[in-house]
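Have a look at the structure before you read on.

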Amino acid sequence: MNSVYSVFKFLVGFLLAIVLMAGASVAAALYFAAKLTTVPEKPVFPNDKTAVQVAGTAPKSTAQASPVSTSSDAPSPKPLEPGAYRAVVTQPIGLILRDTGSRDSNRIGGVGYKERVVVLEESPDKEWQRIRIEDGNREGWVKGGNTERIEGE
């Protein structure tokens with residue numbers, strides 16, 4: 001009778017140990033799954049427009065239309081070089097700005113989607129375009145066919 005009781009104690013202890021190990025494993029798995037599903041903080045880069053810069057812009061009022069002014073209050077766009085034209089980036093992920101018109105050249109920056117640029121020249125095979133960022137003085141080469149000419153400017 002004593003040996004049956006010993007076997008019973010062994011089986012109950014063994015099952016209890018397995019249940020505790022399984023519970024601890026499930027708890028650990030849920031903990032790490034919760035940690036892995038949180039969205040990381042957005043990285044901030046030096047060339048990003050910060051919230052202060054964005055907040056500093058004047059809000060656009062849609063309540064009333066302002067009268068058209070004929071005076072030269074608004075700054076006129078800079079005159080373009082011969083053969084240059086204004087364009088907008090049409091590639092949804094933006095473009096890589098390079099120092100020469102080659103895929104192997106150094107990356108010197110980027111151009112965002114729908115950002116206005118001035119196309120200065122194109123390579124003879126039309127695969128690359130030399131551009132200048134309109135609201136800055138950065139200049140470089142981007143892959144051709146990813147900009148659209150702005151008509152009327």
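**Exercise 1. Is serine 123 buried or exposed?**

Solution. Keep in mind that this is a predicted model. Step one: look up the relative accessible area of serine 123, which is 11%. Step two: hold that against the cut-off, where buried means under 20%. Serine 123 therefore counts as buried.

**Exercise 2. Where does serine 123 sit, and what does its side chain pair with?**

Solution. Start with the location: serine 123 is in the loop that runs between strand E4 (116-122) and strand E5 (128-133). Next, check the polar partners. The serine 123 side chain has a polar contact of 2.6 Å with the side chain of aspartate 125. A polar atom of that serine side chain is also 3.2 Å from the backbone nitrogen of glutamate 127. Finally, leave out residues up to four places away in sequence, and serine 123 touches Trp128 and Trp141.

**Exercise 3. What lines the second largest pocket?**

Solution. First, its volume: about 230 Å³. Then go through the lining, which includes Trp128, Arg103, Arg107 and Lys143. Sort the lining residues by type and you get five nonpolar, three polar and four charged. Last, ask which element gives the largest share: that's E2, with three residues.

**Exercise 4. Which residues are closest to the centre of the largest pocket?**

Solution. Begin with the volume of the largest pocket, about 340 Å³. Eleven residues line it, and Asn47, Asp48, Gly110, Glu115 and Arg138 are the closest to its centre. By type, the lining splits into three nonpolar, three polar and five charged residues.

Note on methods: Residues numbered from 1 in each chain as written. Predicted model: local features only at pLDDT ≥ 70, side-chain atom pairs only at ≥ 80, totals over all residues. Heavy atoms only, no water. 1 Å grid on protein atoms, 1.4 Å probe; cavity = no way out; pocket = protein on both sides within 12 Å on 5 of 7 lines; lining within 4 Å. Points joined across faces, edges and corners; volume = space filled by probe spheres on them. Nonpolar A, V, L, I, M, F, W, Y, C, P; charged D, E, K, R; others polar. Helix = DSSP H or I, 4+ residues; strand = E, 2+ residues; numbered from the N terminus. Buried < 20%, exposed > 50% of the residue type's maximum accessible area, 1.4 Å probe, protein only. Polar contact = N/O pair within 3.5 Å; in protein donor to acceptor, adjacent residues only side chain to side chain. Contact = heavy atoms within 4.5 Å.
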